[in-house]
Every structure is written in structure tokens, then in C-alpha cells.
Amino acid sequence: MTKTIKITALVLAAGFIALPFCASAQTAPKDAPKTIDPAIVDAYVKATFGKAPPEWQERIVPDETLKTCNAYHNNVPSAEADKIVQRELAKVVYPADGKFLGDWKEGRKVANNGRGGQFSDPPDTIAGGNCYACHQLEKSEVSFGTLGPSLTNYGKDRKYAPDEIKNAFTKIYDSQAVLACSNMPRFGANKVLSEQQIKDLVALLFDPESPVNK
């Protein structure tokens with residue numbers, strides 16, 4: 001038991017987060033060990049997901065972007081940040097019809113849905129964005145996370161500009177295409193949300209009738 005606890009502490013200190021559904025690598029504590037054997041971290045993570053389906057085994061392997069963010073504890077040099085943004089921007093697939101706004105009422109459902117992303121979920125589980133875990137979206141909301149900024153009046157503050165609407169779609173699809181080592185999940189790039197769900201979320205942010213802009 002003691003050995004397991006020690007390994008767990010090392011993993012947490014290393015700030016190792018590889019799952020694509022997660023936001024990004026976590027910042028290591030100031031008193032964290034300067035050197036940690038990657039093999040120990042790798043062995044622990046693999047053991048943790050040992051009973052997961054085969055397709056989930058691939059998710060514990062960090063991609064190039066996460067490796068870079070982990071290596072620098074999210075404080076990447078500007079040159080590396082530029083590489084990340086360019087690489088992730090290439091992954092963004094914009095709507096073929098050129099329309100970025102869906103139905104804000106459906107977007108509200110997506111924002112409030114925290115289901116999905118667990119290998120114990122039934123195959124037909126519809127994943128949500130769980131946006132309220134990190135953001136305030138409505139002024140009337142009294143329970144919300146503060147990891148991300150408040151999004152109240154999001155569209156109104158941006159004067160509902162088309163370029164801002166496209167930028168919001170990009171950010172939700174792949175946050176690191178906008179900000180390297182962002183804490184926000186890459187919802188579209190990692191196929192957590194569908195194109196339509198992302199459109200609906202963008203509508204929640206920009207539709208004048210949305211409670212976000214009231």
C-alpha cells in the first residue's frame with residue numbers, strides 16, 4: 001500500500017495528464033521532485049487503465065502537443081507555443097456549409113450535460129460539454145466552476161462579430177489552436193462533441209436571445 005501511495009504522489013507531482021478528454025497537463029507543485037523516472041509514471045498510468053477496453057489504451061499515450069505541455073508544465077516558450085497553435089489549427093474542421101451558429105437552446109443542454117467520456121458509459125451515451133464546471137454562462141447561475149472566465153454577455157461584448165463567432169467555434173473545437181497548453185478540452189479534435197453540438201454551443205454564446213447575453 002505504501003509503495004502505491006508513493007507512486008501516486010510521484011504521478012501527481014509530475015503533473016502527468018495524458019487523456020485527450022482532459023484539459024491539459026497540470027502544473028506541478030513548487031516542492032515537486034526535480035527528476036521523476038518517466039517509466040514509473042508510465043507504469044502507473046497503464047496499470048490504472050489496465051481493465052479499460054483496447055481503444056482506451058491509446059488514450060493514455062499523450063500526443064505531441066501534450067508531451068510538450070507536460071515537459072514545460074504548460075509554461076511553453078513562445079516558439080513552442082507557435083508550433084502547438086499551428087499544429088492544432090490544422091486539426092480544426094470547419095462546417096462545410098460555412099454556418100457556425102446552431103440552436104442556443106440545444107447548446108444550453110450540451111453545456112449542462114456532464115455525461116460521456118467514461119468507458120463505463122453505454123454505447124449510446126451522448127457526451128456533453130459540462131461547461132458549467134469551469135464557466136459561468138448565465139447571470140442567474142449560482143453554482144459554477146471558476147477554472148475558466150465568466151462567459152456572461154459573451155456575444156454582446158463582442159458585438160456579435162462574424163470573426164469572433166468563428167474564433168469561438170475554433171476554441172471549442174480545439175482550444176490549443178487558439179492558446180497553447182490551454183486548460184480547455186479539445187472537444188472537436190478529440191471527438192468528444194459533434195460539429196452540431198459545437199455549433200449549438202456557439203449559438204449559446206452569440207445568439208442575442210440566449211440567456212448568456214441577457
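Predicted model: local features only at pLDDT ≥ 70, side-chain atom pairs only at ≥ 80, totals over all residues.
Student: What makes up the protein in terms of helices and strands?

Tutor: The protein has 9 helices and 0 strands, and from the N terminus on its elements therefore read α-α-α-α-α-α-α-α-α. Of its 214 residues, 42% are buried.

Student: How many aromatic pairs does a search of the whole structure find?

Tutor: The search finds 5 aromatic pairs.

Student: Why is the pair of tyrosine 94 and phenylalanine 169 called tilted?

Tutor: The ring centres of tyrosine 94 and phenylalanine 169 lie 5.9 Å apart, and since rings pair when their centres are within 6.5 Å, the two count as a pair. Their planes stand at 35 degrees, whereas stacked would need under 30 degrees and edge-to-face over 60, so the pair is tilted. The pair also links distant parts of the chain, because tyrosine 94 is in the loop between helix H5 (78-89) and helix H6 (104-112), while phenylalanine 169 is in helix H8 (residues 162-173), 75 residues apart.

Student: What makes the pair of tyrosine 154 and phenylalanine 206 edge-to-face?

Tutor: The planes of tyrosine 154 and phenylalanine 206 are 90 degrees apart, and because the cut-off for edge-to-face is over 60 degrees, the name applies; their centres, at 5.5 Å, are within the 6.5 Å limit for a pair. Tyrosine 154 is in helix H7 (residues 154-157) and phenylalanine 206 in helix H9 (residues 195-206), 52 residues apart.

Student: Why does tyrosine 154 count as buried?

Tutor: Its relative accessibility is 15%, and buried means under 20%, so tyrosine 154 counts as buried. Phenylalanine 206, with a relative accessible area of 2%, is buried too.

Student: What sits over the rings of tyrosine 154 and tyrosine 94?

Tutor: The charged end of arginine 158 sits over the ring of tyrosine 154, 3.6 Å from its centre, and lysine 166 lies over the face of tyrosine 94, at 4.9 Å from the ring centre. Both distances are within the 6 Å limit for a charge over a ring.

Terms used
Residues numbered from 1 in each chain as written. Heavy atoms only, no water. Helix = DSSP H or I, 4+ residues; strand = E, 2+ residues; numbered from the N terminus. Buried < 20%, exposed > 50% of the residue type's maximum accessible area, 1.4 Å probe, protein only. Phe/Tyr/Trp six-rings, centres within 6.5 Å; stacked < 30°, edge-to-face > 60°. Lys NZ or Arg CZ within 6 Å of the ring centre and 35° of its normal.
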